[in-house]
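User: I have a structure to look through and I'm new to this. Can you walk me through it?
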Amino acid sequence: MNYKLIVDIARSLLLARWRQSLVAAIGVTFSITMFIALLGFMNGLNDLLDGLILNRTPHVRLFNEIKPNPKQPVDQSADFKNSHNFIRSVKSSGVRVEISNSAAIMQALKTDPRVLGLAPKITAPVLYNSGTIDITGAVSGIDVIAESNLFFFSDYVTTGEPLDLKNISNSIVLGKGVAEKLLVDIGDVVQVTTSKGDRLPLKVVGFFESGIRDFDKVQSFASMATTQKLLRQSNSYVTDIQIKLKNLDQAPVVAKEYAQLFQTDAEDIQTANSQFETGSFVRTLISYVVGITLLIVAGFGIYNILNMMIYEKMDTIAILKATGFSGGDVRKIFLGIALTIGFLGGLLGLVFGFLLSLLIDQIPFNTAALPTIKTYPVNYNPVFYIIGIVFALITTYLAGFFPARKASAVDPVIIIRGK
Amino acid sequence: MTIRNQPLIMTQTVLQSRGINKYFKDPVRVQVLKNIGFSVNQGEFVSVTGKSGCGKSTLLYILSTMDTDYEGDLLIDGDLMRGKSEGQLARIRNEKIGFVFQFHYLLNEFTVLKNVMLPGLKLQKYPEAEVEHRAMERLKTLGIAELAAKKANQLSGGEKQRVAIARALINDPIIIMGDEPTGNLDKKNSDIVFDIFKQLCEEFKQTLLIVTHDQSFAGNTNRIIEMEDGQIIHE
């Protein structure tokens, strides 16, 4: 097949009506531009909102839930083995919230190839004392470096130096809300009382702003050692092991496996935060629907212009057929025109879409809830660009298909005799 | 210029029709061609004449393979056309038939040279440079070489028709078909076109089948087929 000749003829026809061709291409360009900008922006927002919770949520969390013992004594009695036992007023047993043998578990986790990293944690309910008032709250004992690497802890410390938590003993990073209530500043000392009545003065080295205000009103962070000291526990005391996986989708399976293996409770991220997945999905869906709608509109533009071109070029088609071009050749010529419009328009759309994304990325976006965000978030995932150009080609192909088929079916006899 | 190495047997049949019937079905079934049977031999200059509506153009479009809705047999170069696909027929038109229409039907998007080259490029028998060379040769033969670089819509009617003839010749067709090729031209240009046909026939032994109602044109050809009411009445 002589594609060079087909391309040559298609180009000549395209250039002969370059104004209409340009309008059609601009339609595609506009759609792809909006598609790229919309998807980039929507996904940027998605990442931001997901990041608010998901970034800071471990994929799998190992802990001991406070709950009644599932093996009550009556169930273990041989006499009542085949009975259905009703027990009233069962109380949660005094299980240890500490994960037993935590060092060995962490060692084992580090060798699991699915695990990206892990961070131990101690949660301790406390009272902050300031003058005559007591404010309920919670202190998390964290490994600052692991927590920063895996869960972006340092991003959310808006004032002060997160590493001071590790370097200065008996130090604390207060939630912004807590600090406002206690009226303390960096360098001040706050008194913290545990649920068992032990009191420890801690030095404030920073403020923490998560973007979730209620969270900041109760939560504070201290190093593992400080928290262990606060709770008067040994240095092996760990209540939570937070695990980040290489592949988030594996979390439910892995959680189930670990619960079995380590005899602890294990919660996966999907169970803990199912609503975020839904929100992201709906937003992505909306962007795709809007993008595709724009492309379909552009497709109709191409369809109209090609149809018009075919009516104008009836003579040309007839003469091409009379001199030996088959219907298939004619169809290829018009499909070639459509795809050229789609490809060039789409390519230009990608460029403009990228520029528009850059522009959106520069618009200031300051909110107290999101301390690390200064401008609107944009996602530059190359997948959107690939989808964009593929959509552009598919739409223009479909828009060109019917006019091209019509052109290929032109009967040269009717045209030539019609004169 | 060498258009074709002519076969020595001058009586070779180029085109043959056997019992061709054609009906127009819309709005009512009317028979427009009745049992047309004749053949054209290599090197003949044949004209088909008849009054308007006698079916001579309809016959030409059947003979040219563009109209496939007929009864009877058509053989081009000894090859039966029935049952061939649209693509195969296009190939035959490209390779074996040259067309000259009443209106020039050049493509305004292209130059004169490119217009002449198009069927040759489509055939792909020769590389592009060779096709260009052959196109120039034909333009020279027809005395319009200086128009090669012009756009088709910058030419006069007579010039356009000569370009169309050059285009018809590009692939060395075994037959040139014309549908009133002088119908839209003045006397002077008509004569020029006729002289070209005559020259092609005499010098290059080109076979020609021309439909015309111009009696003086027909009168100067080798052979006249006269039609009336869809039948050949006189040969």
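This is a predicted model: local features need pLDDT of at least 70, side-chain atom pairs count only at pLDDT 80 or more; totals for chains, interfaces and linings use all residues.

User: Fine. How many residues are in the largest nonpolar core?
Analyst: The largest nonpolar core has 116 residues. Those with the most contacts inside it are A:Ile302, A:Leu306, A:Phe334, A:Ile337, A:Ala338, B:Val116 and B:Ile175.

User: Which helix gives the most to this core?
Analyst: Helix H2 of chain A, residues 18-53, with eleven residues.

User: And what is A:Ile302 in contact with?
Analyst: Setting aside neighbours within four places in sequence, A:Ile302 is in contact with A:Ala24, A:Ala338, A:Ile341, A:Thr396, A:Ala399 and A:Gly400. There is also a second, separate core of 48 residues, and A:Ala124, A:Leu174, A:Val178 and A:Val205 are among them.

User: New topic. How many residues does the contact take from chain A and from chain B?
Analyst: Chain A gives 21 residues and chain B gives 23 residues. On the side of chain B that touches chain A, the elements giving two or more residues are helix H1 (56-63), helix H2 (86-96) and helix H3 (112-123) of chain B. The largest share of that side, six residues, comes from H2(B).

User: What is that side of chain B like by class?
Analyst: It has twelve nonpolar, five polar and six charged residues.

User: Back to H1(B). Is it buried or exposed?
Analyst: Eight of the eight residues of H1(B) are buried, so this helix is largely enclosed by the rest of the structure. The buried residues include B:Lys56 at one end and B:Leu63 at the other. Just after H1(B), B:Thr65 takes a positive phi of about 75°.

User: OK, strands now. Why is S7(B) largely enclosed?
Analyst: Strand S7 of chain B, residues 175-179, is largely enclosed by the rest of the structure because five of its five residues are buried. Both faces are covered: B:Ile175, B:Met177 and B:Asp179 lie on one side, with B:Ile176 and B:Gly178 on the other.

User: Which strands does S7(B) pair with?
Analyst: S7(B) pairs with strand S6 of chain B, residues 97-100, in the parallel sense over four bridges. There, B:Ile97 stands opposite B:Ile175. S7(B) also pairs with strand S8 of chain B, residues 208-211, in the parallel sense over four bridges, and B:Leu208 in S8(B) is the bridge partner of B:Ile176.

User: What unit do S7(B), helix H6 and S8(B) make?
Analyst: With helix H6 of chain B, residues 187-204, the strands S7(B) and S8(B) make a right-handed β-α-β unit.

Note on methods. Residues are numbered from 1 along each chain as its sequence is written. Chains are lettered from A and ligands numbered from 1 in the order in which they are written. A nonpolar core is a set of buried Ala, Val, Leu, Ile, Met, Phe, Trp, Tyr and Cys residues joined through C-beta atoms within 7 Å. A residue is buried if 20 or more other C-beta atoms lie within 10 Å of its own, exposed if 12 or fewer, and partly exposed in between; C-beta atoms are placed from the backbone. Two residues are in contact if their C-beta atoms, placed from the backbone, lie within 7 Å. Ala, Val, Leu, Ile, Met, Phe, Trp, Tyr, Cys and Pro count as nonpolar, Asp, Glu, Lys and Arg as charged, and the others, Gly among them, as polar. Two strands pair if DSSP finds at least two bridges between them. A crossover is right-handed if, with the strands pointing away from the viewer, the path from the first strand over the helix to the second runs clockwise.
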